[in-house]
Amino acid sequence: ERNRIRAEANKEEGWPPPTSEHILNQQVEILVPFSFAPEWKPGADGPIYELRQYVFRGGTQPAVEKIWKASLEERMKFSSPALLGAVEFGPSVNSFIHMWPYKSLEHRAEVRAKAAASGHWPPAGGPDYYLSQSNKLLIPASYSPAQ
């Protein structure tokens, strides 16, 4: 299905966008959204996006999904994720990604402080499941649907 969609997209005028001048290297990961993840509709949610990726211990993905499902509703009282799911293929299998839009860095700090103060965030059990974590703050390119 992915190959079919890519072939169709390549027939579209302007696809792929002229991005080669911006790309120094590229890492491709196929992510499967968690079943309870809200669907993100591209729009002007940012312009700041925080992308976090956690590598979890092998065999713990069901437990990770369970604690996130139990905590996400409370977290969404403060903001909703643009992306939440497990990496199925790529260099970081046994990991999951979540990405959150923010209006500014100040907005990010405010939302994260409120979520932490609620006592329901972050989800419990982190050290039991996670081996590492990386974090990136992103600003969409002018041609991104996340503008």
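# Reading exposure, helices and pockets

User: What is the relative accessible area of Ala 113?

Analyst: Ala 113 has a relative accessible area of 46%, which makes it partly exposed. The cut-offs are simple: buried is under 20%, exposed is over 50%, and partly exposed lies in between (1.4 Å probe, protein chains only). This is a predicted model, where local features need pLDDT of at least 70, side-chain atom pairs need 80 or more, and totals for chains, interfaces and linings use all residues. Numbering starts from 1 along each chain as its sequence is written, and side-chain values use heavy atoms, without hydrogens or water.

User: Where does Ala 113 sit in the fold?

Analyst: Helices (H or I, at least four residues) and strands (E, at least two) are DSSP runs, numbered from the N terminus. Ala 113 belongs to helix α3. Phe 78 is 35 residues away from Ala 113 in sequence. In space, their C-alpha atoms are 9.9 Å apart.

User: How many helices and strands are there?

Analyst: The chain has 4 helices and 5 strands. Read from the N terminus, the order is α-β-β-α-β-β-α-α-β. The C-alpha atoms fill a box of roughly 50 × 35 × 25 Å along the principal axes. Of the 147 residues in the chain, 33% are buried. For contacts, look for heavy atoms within 4.5 Å. Among contacts with a separation of 6 or more, 81% join residues 24 or more positions apart.

User: How far does α3 reach from its first C-alpha to its last?

Analyst: The expected span is 1.5 Å times one less than the number of residues. With 13 residues, α3 reaches 18 Å, close to the expected 18 Å.

User: Which residues of α3 are buried?

Analyst: An α-helix has 3.6 residues a turn, so residues three or four places apart point the same way. In α3, the buried residues are Arg 108, Val 111 and Ala 115. They lie on the same side of α3 because they cover an arc of only 75° around the axis. That arc is taken over directions from the helix axis to the C-beta atoms. Glu 106 and Ala 117 are exposed on the other side of α3.

User: What do the buried residues of α3 pack against?

Analyst: Their partners are β2, α2, β4 and β5. Just after α3, Gly 119 takes a positive phi of about 80°.

User: Which residue has a positive phi although it is not a glycine?

Analyst: Asn 94 does, with phi at about 65°. Asn 94 is found in the loop between β3 (83–89) and β4. Its relative accessible area is 35%, so Asn 94 is partly exposed.

User: What does Ile 30 touch?

Analyst: Ile 30 is in strand β1. Leaving out residues up to four places away in sequence, Ile 30 touches Arg 2, Ala 86, Val 87, Glu 88 and Phe 89. Ile 30 is partly exposed, with a relative accessible area of 29%. Ala 117 is 87 residues from Ile 30 in sequence and 33 Å away in space, C-alpha to C-alpha.

User: What volume does the largest pocket have?

Analyst: On a 1 Å grid over the protein atoms alone, points count where a 1.4 Å probe fits; a cavity is a set the probe cannot leave, while a pocket is an open set with protein on both sides within 12 Å along at least five of seven lines. Points join across faces, edges and corners, and volume is the space filled by probe spheres on them. The largest pocket comes to about 1900 Å³.

User: How many residues line the largest pocket?

Analyst: Lining residues have an atom within 4 Å of a point. The largest pocket has 37 of them. Gln 26, Gln 27, Leu 51, Met 99 and Leu 138 lie nearest its centre. At least two lining residues come from each of α1 (2–10), β1 (30–33), β2 (48–56), β4 (95–102) and β5 (130–138). The largest share is from α1, with 5 residues.

User: What classes make up the lining of the largest pocket?

Analyst: Nonpolar means Ala, Val, Leu, Ile, Met, Phe, Trp, Tyr, Cys or Pro; charged means Asp, Glu, Lys or Arg; the others, Gly among them, are polar. The lining of the largest pocket has 23 nonpolar, 10 polar and 4 charged residues.

User: What volume does the second largest pocket have?

Analyst: Its volume is about 220 Å³. The second largest pocket is lined by 15 residues, with Arg 52, Tyr 54, Trp 121, Pro 122 and Pro 123 closest to its centre. Two or more lining residues come from each of β2, α2 (61–75), β4 and α3 (105–117). The lining of the second largest pocket splits into 9 nonpolar, 2 polar and 4 charged residues.
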